[in-house]
Amino acid sequence: MFMRFVQLNVDSQKIPDFRRVYSEDVIQALQKIPGCRFVGLIESGSDKTEFISMTLWDKQEQAEDYEKKGIYADLLEKIKPFLRNSSEWKIQLSEKLELEYKEVVEEPVIKRYSVQTQLNSVDRIDSRLYVRIVSLSIQKGKEKEFKQIYTDEIIPELLSTQGCQYAYLTQSLQDPDSFISVTIWDSKEDAELYESTGKFKELVDKASHTFSQFYRWKMALEKDYNANIRTSEDMKIDSYNLVTGKNFI
């Protein structure tokens, strides 16, 4: 399978209209595209103006065909009026040699991932569902080992965890060292319980020896010196609420 993320920053005053257009136009259009199995709009738990459009495809080629045919560009035009204007300004000279100032609309960021392994497939859409995304970097040469650990040890543990309905491990097509683990939960409370009981830390420990050297060095410093060290390759955890979506299975 193939996963596609489109990150969107929406004008806070236009969020209700954005959600409506996404539900009525974007989802309906994607339902007609061969190979698209699921589409969901998720909202950041920390920044209510940040959204991700997440789609699952049978094959990478089908997602690329969707872009090449211009369907993605057409849908982007529908939602562009709702995107937040950038704080930067574009300055240019008009034909009368007068300065013109134009706000720059933030372009969506597209990220493409191949699904390496999965627990279940999305067959239920519920606005109470809670999405948790963990992004991390893996040492070169350790990618295969990390994927094996996730498949053989982490997924079975997630399967037995209260509230965890779906789990996907995906690998970036642009940067093979970058992975994200996407888990979908019955509720935010279930996901928080998973962390507070220490189960998340236990699963991290199973694979931590495959993480980037920067991350391993960071952990060693914290252990030896009780310091809170941050690096550019820290594991990043983002939480999102499912706003709307549909599966086409």
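Tutor: Contact here means heavy atoms within 4.5 Å. The model is predicted, so local features need pLDDT of at least 70, side-chain atom pairs count only at pLDDT 80 or more, and totals for chains, interfaces and linings use all residues. Residues are numbered from 1 along each chain as its sequence is written, and side-chain values use heavy atoms, with hydrogens and water left out.

Student: Is Thr 49 buried or exposed?

Tutor: Thr 49 sits in the loop between strand 2 (36–44) and strand 3 (50–57); strands (E, at least two residues) and helices (H or I, at least four) are DSSP runs numbered from the N terminus. Buried means under 20% relative accessible area, exposed over 50%, and partly exposed in between (1.4 Å probe, protein chains only). Because its relative accessibility is 12%, Thr 49 counts as buried.

Student: How many residues apart in sequence are Leu 8 and Thr 49?

Tutor: Leaving out residues up to four places away in sequence, Thr 49 touches Leu 8, Asn 9, Val 10, Ser 12, Ile 15 and Arg 84. Leu 8 belongs to strand 1 (residues 2–9). Between Leu 8 and Thr 49 the C-alpha to C-alpha distance is 8.1 Å, and their separation in sequence is 41 residues.
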